[in-house]
Amino acid sequence: MTPRRPGSTTARTRVRTVRALAAGAALGGLLLGAAAPAVAAAPGGTARPTAVRAPAPTTVTVGGSGRAAAAPDIAVVSVGVEATRKTAKEAMAAQNTAAKALLDALRQQGIADRDVRTESLSLSPVYTQTAEGESKVTGYQAGQSFSVKVRDIDKAGQVVGAVSDATGDAGRVNGVSFDVSDPTALRAKAREAAFRDAHDKAAQHASLSGHRLGRLVSLTEGESVRPGPGAAPSAPADGGDSVPLAPGEIEEHVTVTAVYELV
């Protein structure tokens, strides 16, 4: 019978214990991996949770329109002079005389120099067709037009009449327009009306679709618009103490585009 070496039983027992612990650790790692499938390893080795995307919010896009009107407080009168003579020098001299008379009349009406601006100055030949069908220069036409700002709107017709009297046949009335000197307040009222219009439309769409109106996501304002000034065709000024004018109202128009969430 072979004698048993001391400590052999103890060594075999230790080996079996180590093997059991290793198997348990491996099994625990498998169980841990199965219990947390949403954890992914980052490239650096650090585990991080998988991102979950939130659903995109439901939105509605609407357009709003707003208008505001006010009585004008300023008039812009477009007047001028025109003269035709045989030579260019004579035409310019006649035009200069008529223009000086026009400017003097404006000053007598209390119009400040800063409110008068030359818009155009011209000198061009006048052609006449001969019996042979050729065009021949028979004279020259000189002209100058002015933009006159009348701050006392009640005097606009009187200013036109004074210019007509001062310039005679050389005078021209090209048009009259009315405006407000500071459109800020008028534009603000139109903007407020446009915003309310857009909000009311969005609220109606929310109700019709079974939602509630949420927060305002974005708001874009379009370019504000005002009707252009009316202009009468160029015509001789016949004269008169005062020309009757109808100022009417000045209207501002603002548009907006709004995006709202639906909840």
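The structure is a predicted model in which local features require pLDDT of at least 70 and side-chain atom pairs count only at pLDDT 80 or more, while totals for chains, interfaces and linings use all residues. Residues are numbered from 1 along each chain as its sequence is written, and side-chain values use heavy atoms, with hydrogens and water left out.

The chain contains four helices and ten strands, where helices (H or I, at least four residues) and strands (E, at least two) are DSSP runs numbered from the N terminus; their order along the sequence is α-β-β-β-β-α-β-β-α-β-α-β-β-β. Of its 263 residues, 27% count as buried, a class defined by under 20% relative accessible area, with exposed meaning over 50% and partly exposed in between (1.4 Å probe, protein chains only). The accessible surface amounts to about 17,200 Å², and carbon and sulfur atoms account for 54% of that surface; areas come from the Shrake-Rupley method with a 1.4 Å probe, and for residues only the protein chains shown count as cover. Among contacts (heavy atoms within 4.5 Å) between residues at least 6 apart in sequence, 82% join residues at least 24 apart.

Helix α2 (residues 88-108) packs against helix α3 (residues 156-167) at an angle of about 145°, the axes being 8 Å apart; axes are lines fitted to C-alpha atoms, for helices over the stretch in contact, and angles run from 0 to 180 degrees between N-to-C directions. On the α2 side, Ala98, Ala101, Leu102, Ala105 and Leu106 meet Val159, Ala162, Val163, Ala166 and Thr167 of α3. Glu90 also lies in α2 and is partly exposed because its relative accessibility is 42%; its C-alpha atom is separated by 9.6 Å from that of Gly139, 49 residues away along the chain.

Pro72 occupies the loop between β3 (58-70) and β4 (74-85), and it counts as buried because its relative accessible area is 10%. Beyond its neighbours within four places in sequence, Pro72 is in contact with residues including Ile153, Phe178, Asp179, Val180 and Pro247. The C-alpha atoms of Pro72 and Ser181 lie 8.0 Å apart in space, although the two residues are 109 apart in sequence.

Leu216, in strand β8 (residues 213-221), is partly exposed because its relative accessibility is 33%.
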